[in-house]
Amino acid sequence: MAADTPVEYIKHHLTNLTYGKLPGGYERADGSVVEEATWTFARTGQEAADMGFMAFHVDTLGWSIAMGVLFLGLFRFVANKATTDTPGGLQNAVEMTFEFVQGIVRDVFHGKNPLVAPLALTIFVWILLMNTLKLIPVDYIPSVAHALGLEYFKIVPTTDPNGTFGISIGVFLLILFYSFKIKGVGGFAKELSFNPFNHWSLVPFNLVLEILALIIKPISLALRLFGNMYAGEVVFILIALLPLWIQWTLNVPWAIFHILVVTLQAFIFTTLTVVYLSAAHEDH
């Protein structure tokens, strides 16, 4: 994997496999010129940046979908093979996860909505699986991808803000949907206008505070998950730059510690999602 210096190595491992559109007349890193607008894979980080907003992070999308399919397939398999006689380890793990998320919903969500519990289970397991990909040594998958002709390839979707914002924006849309559905347009507008200060003269001040707090919800959800996963990824990459004998001394303790971080971040994202949806169902 082309990385002559530590800086290049770090940049390489933190760059996504990007597919996007280069404009006509664009000069690529190898000196070739794109004669007309073309959809292609970026060969450098600069090309990825020049592709703009409509470019796709193929690795983030691919691994996100793969972990979603793994979640659905795994839980379906366990449901079909479930037994009350002598449940195996996999069934026990799935049942423990189900009961854990069910406990979160029972304790936090105070409305009535059959969608919330399945949504919380999906978010928790999906994020947990994506985060767990971080425990694969940082050089393994990129080396395989490089052998297949792919210059860049990240495997942890939650170290990409596009991935974390995709989930948080979905949650935000659900918050808005149920806020309007349960409270009505007038009720939701009244809630924004008369909280936290219940006086007509402070309505403009309340609106600024409440709208800002509403917008911050998806941003904080996305950035908290991204920041923790990205920081952990950087540490793994820095450890990989050290001599082999030091790598194992540091890698194993950091990986063990990061198992807690991986699980905690999935728990926090799920709990806050349920908290926000519970507030959206409160009709005063």
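Buried residues account for 38% of the 284 residues in the protein chain, as computed from a predicted model. The secondary structure comprises 9 helices and 5 strands, and these elements follow one another from the N terminus in the order α-β-β-β-β-α-β-α-α-α-α-α-α-α. Taken along the principal axes, the box filled by the C-alpha atoms of the chain has dimensions of roughly 65 × 60 × 35 Å.

The structure contains 1 cavity of 30 Å³ or more, and the space in the largest cavity amounts to about 100 Å³. The lining of the largest cavity is made up of 14 residues, among which Pro137, Val138, Pro142, Ile155 and Glu233 are the closest to its centre. Sorted by class, this lining has 10 nonpolar residues, together with 1 polar and 3 charged residues. Helix H6 (140-147) and helix H8 (203-240) each contribute at least two residues to the lining.

Glu233, one of the residues closest to the centre of the largest cavity, also takes part in a salt bridge with Lys134, at a distance of 3.4 Å from N to O. Because Glu233 belongs to helix H8 while Lys134 belongs to the loop between helix H5 (116-132) and helix H6, this pair ties together parts of the chain that are 99 residues apart in sequence. Both partners are buried, since the cut-off for this class is under 20% relative accessible area: Glu233 has a value of 9%, and Lys134 has a value of 1%.

In total, 4 salt bridges are counted in the model. Another of them joins Glu47 to Arg28, with the closest N and O atoms 2.8 Å apart. In general terms, side chains of opposite charge can pair when their charged atoms come close.

On the surface, a nonpolar patch is formed by Trp39, Phe41, Phe53, Met54, Phe56, Val58, Leu61, Ile65 and Val69, which together have about 950 Å² of accessible area. Strand S4 (38-41) and helix H3 (58-81) each supply at least two of the residues in the nonpolar patch, and the largest share, 4 residues, is drawn from helix H3. Val58, a member of the nonpolar patch, is located in helix H3. With a relative accessibility of 30%, Val58 is classed as partly exposed, because this class covers the values between the buried limit of under 20% and the exposed limit of over 50%.

Conventions: Residues numbered from 1 in each chain as written. Predicted model: local features only at pLDDT ≥ 70, side-chain atom pairs only at ≥ 80, totals over all residues. Heavy atoms only, no water. 1 Å grid on protein atoms, 1.4 Å probe; cavity = no way out; pocket = protein on both sides within 12 Å on 5 of 7 lines; lining within 4 Å. Points joined across faces, edges and corners; volume = space filled by probe spheres on them. Nonpolar A, V, L, I, M, F, W, Y, C, P; charged D, E, K, R; others polar. Patch = residues over 30% accessible without salt bridge, like charges linked within 9 Å, V, L, I, M, F, W, Y side chains within 5 Å. Areas by Shrake-Rupley, 256 points an atom, 1.4 Å probe, with all protein chains shown as cover. Salt bridge = Lys/Arg side-chain N within 4 Å of Asp/Glu carboxyl O. Buried < 20%, exposed > 50% of the residue type's maximum accessible area, 1.4 Å probe, protein only.
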